[in-house]
Amino acid sequence: MPRRRRSGHGQGKEGSGYTAAPRYPGPVNEALANQTATPQTTADQAADPPVPAPSDEQWRARLGPDQYQVLRHGATEPPWSGRYVHHHEDGTYRCVGCGAVLFSSSNKFDSGSGWPSFYEPATAEAVELRTDKSHGMVRTEVVCRACGGHLGHVFDDGPAPTGQRYCINSLSLDFADD
Ligand SMILES: [Zn+2]
């Protein structure tokens with residue numbers, strides 16, 4: 001008797017036609033479906049498409065050798081060597097690495113340092129400030145917030161109204177008329 005029961009049970013499980021979908025999807029199921037659908041749509045809309053950061057090789061290909069050393073390795077161009085030290089046209093200075101707007105000619109001043117100098121960035125969000133303890137000094141490094149490229153340093157000996165001096169490499173910048 002036990003053997004017959006086991007075989008019979010197995011046949012019943014394998015038999016087709018007994019896993020039919022529910023015949024009566026009631027209002028409760030529909031309500032659940034609607035509840036789950038709404039948050040899913042919101043999440044899809046809120047998700048930013050991932051923007052992969054360029055690789056070191058891509059930066060090397062995108063930038064000139066000197067630009068690459070400054071932006072990606074924090075090098076400093078020799079004083080008075082940059083093309084924007086004595087540059088006085090009205091316009092906007094963008095990041096040469098990613099095109100982000102960084103500085104405005106209206107905030108540029110002659111610091112006498114040999115590097116383009118600004119008393120503030122175009123917007124506070126344009127740059128990111130980091131503590132830099134290289135070369136036996138404690139300085140505040142200025143980097144492009146959008147791409148992380150090294151721009152220069154900021155010091156507290158600038159003119160009014162901010163008293164700050166953003167000392168920026170010409171090699172990090174790309175000027176365009178307004
Ligand atoms: Zn940038």
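Q: In which helix is glutamine 69 found?
A: Glutamine 69 is found in helix α4, residues 65–73. Helices here are DSSP runs of H or I with at least four residues, strands are runs of E with at least two, and both are numbered from the N terminus. This is a predicted model in which local features need pLDDT of at least 70, side-chain atom pairs count only at pLDDT 80 or more, and totals for chains, interfaces and linings use all residues. Residues are numbered from 1 along each chain as its sequence is written.

Q: Why is glutamine 69 called partly exposed?
A: Glutamine 69 has 17 other C-beta atoms within 10 Å. A residue is buried with 20 or more other C-beta atoms within 10 Å of its own, exposed with 12 or fewer, and partly exposed in between, with C-beta atoms placed from the backbone. The count of 17 therefore makes glutamine 69 partly exposed.

Q: What makes a set of residues a nonpolar core?
A: Its members are buried Ala, Val, Leu, Ile, Met, Phe, Trp, Tyr and Cys residues joined through C-beta atoms within 7 Å. The largest such core has 19 residues, of which Leu102, Val142, Leu151 and Ile168 touch the most other members. At least two residues of this core come from each of β1 (91–95), β2 (101–104), β6 (139–144), β7 (150–155) and β8 (165–168).

Q: Which residues is valine 142 in contact with, leaving aside neighbours within four places in sequence?
A: Contact requires C-beta atoms, placed from the backbone, within 7 Å. Valine 142 is in contact with Val127, Leu129, Leu151, Gly152, His153, Val154, Tyr166 and Ile168, once those neighbours are left aside.

Technical notes
Two residues are in contact if their C-beta atoms, placed from the backbone, lie within 7 Å.
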